[in-house]
Amino acid sequence: MAGGIYLIQDDDRLVEMMEQPYDSEDQLQDLLVTYPNLIPGDQIDRATAQRWLLISREAAPSDEETAVQWSLDHLFLDQNAVPTLVDVRRTLNAELRQKVLGQSIDYAANALFYWPVDSIIALFEANCRDRGRDPEQIFEEFLGADANEDRFWQKVKTNLQAGKVRLVFVADEISAEMRRVVEFLNEQMDPVEVLALEIKQYVSEDGLRTLVPRVIGQTAEAQQKKSSATRERRRWDESSFFAEIKARRGADEAQMAKAIYLWAKSQEPEVQIHWGTGDAYGGFAAQLPQRGRKPYQLFTVDIAGRMEISADNYGSGPPFNAEENWLELRSKLSSIGLSLPIEPGERRSPSLALFTLQDESALKQVMQTFDWVIEQIKTL
């Protein structure tokens with residue numbers, strides 16, 4: 001059994017939650033049906049969090065004459081009418097990984113044939129009946145009372161015809177091999193989006209349960225390739241960013257972002273601030289220029305209310321590629337909620353939600369930690 005996480009109760013009692021495997025794949029599948037937001041839409045699209053409309057569980061091909069003898073675990077649509085094909089496995093060994101990957105690519109290649117839009121509508125309505133819900137009410141809750149349902153289903157058809165679908169592999173643990181395959185496919189398969197979703201389960205001795213989802217596979221290259229050509233390109237600056245993050249995330253998170261920004265400004269000229277371009281990458285990066293070398297990117301703060309670092313950036317060169325320095329960096333960053341991998345150079349982007357920094361001492365610790373990071377880099 002792996003290590004756990006900790007929950008602070010209202011009486012200040014610290015409850016240890018230990019990682020625990022699921023009893024079965026069915027348990028994990030049931031959770032996704034009951035709680036679709038376990039597929040974290042804000043991790044998939046940081047500009048506009050994806051929401052999910054469950055079309056069907058165990059969606060089989062509509063053509064009874066097809067030789068295909070399988071069914072998809074879950075079929076969802078997001079609010080942009082992109083079909084999202086979900087395959088759930090409790091574990092993925094090498095043999096099963098190859099089977100699942102091949103089968104899911106089959107889904108994507110033949111989605112329009114297996115699930116024409118009329119069949120998807122029928123699956124959705126049958127699922128609603130099985131759950132005792134009115135399809136029109138569910139649709140209204142999903143897209144709002146003013147949404148044009150016919151236009152939405154036409155957009156589903158258009159996306160299927162264009163091959164614009166999303167594959168999501170779900171397991172309680174995603175191996176390094178699976179992550180590399182998913183990242184490769186996500187970079188190469190355009191416009192198909194390929195992702196893995198790790199949902200770890202933590203349980204306390206008195207039965208409390210916590211689920212922690214993490215999306216894997218979104219490399220910067222893949223995100224750039226799949227960003228819409230029609231998406232507005234905008235250069236963010238101080239005034240536009242803080243106005244927007246306040247509107248999207250609220251005054252408290254905007255205040256946290258502003259405090260981090262002012263700390264970075266106070267480090268100039270040693271630290272330089274670079275503003276992102278476009279909704280998907282809205283935010284700023286704090287970088288430490290290096291003579292004759294690539295700048296050190298200390299962190300980014302984005303429009304989704306997150307501070308993020310690149311493990312690969314820190315571990316690919318001195319001083320933190322040395323084992324002793326890497327372990328010290330891991331310890332420092334772990335204390336503020338940024339979890340680096342054990343080995344330096346592994347491609348991972350730990351992130352920290354800004355709302356966790358509302359305590360002044362927590363915010364101060366973040367700044368002190370990056371003060372220490374800068375001092376270490378300056379010793380080169």
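Visitor: Why are α4 and α6 called oblique to each other?

Guide: The axes of α4 and helix α6 (residues 149-161) cross at roughly 125° and come within 9 Å. Axes are lines fitted to C-alpha atoms, for helices over the stretch in contact, with angles from 0 to 180 degrees between N-to-C directions. Angles under 35 degrees count as roughly parallel, over 145 as roughly antiparallel, 65 to 115 as roughly perpendicular, and the rest as oblique. The pair α4 and α6 is therefore oblique. This is a predicted model, in which local features need pLDDT of at least 70 and side-chain atom pairs pLDDT 80 or more, while totals for chains, interfaces and linings use all residues. Residues are numbered from 1 along each chain as its sequence is written, and side-chain values use heavy atoms, leaving out hydrogens and water.

Visitor: Which residues of α4 and α6 meet?

Guide: V117, I120, I121 and F124 of α4 meet W153, V156, K157 and L160 of α6, where contact means heavy atoms within 4.5 Å. This contact divides into 7 nonpolar, no polar and 1 charged residues. Here Ala, Val, Leu, Ile, Met, Phe, Trp, Tyr, Cys and Pro are nonpolar, Asp, Glu, Lys and Arg charged, and the others, Gly among them, polar.

Visitor: Why do α10 and α13 count as roughly parallel?

Guide: Helix α10 (residues 251-266) packs on helix α13 (residues 360-378) at about 30°, with axes 11 Å apart; α10 and α13 are therefore roughly parallel. Both are helices as DSSP runs of H or I, at least four residues long, numbered from the N terminus; strands are runs of E of at least two.

Visitor: Which residues join α10 to α13?

Guide: In α10, M256, A259, I260 and W263 meet L363, M367, F370, D371 and I374 of α13. By class, this contact of α10 with α13 has 8 nonpolar, no polar and 1 charged residues.
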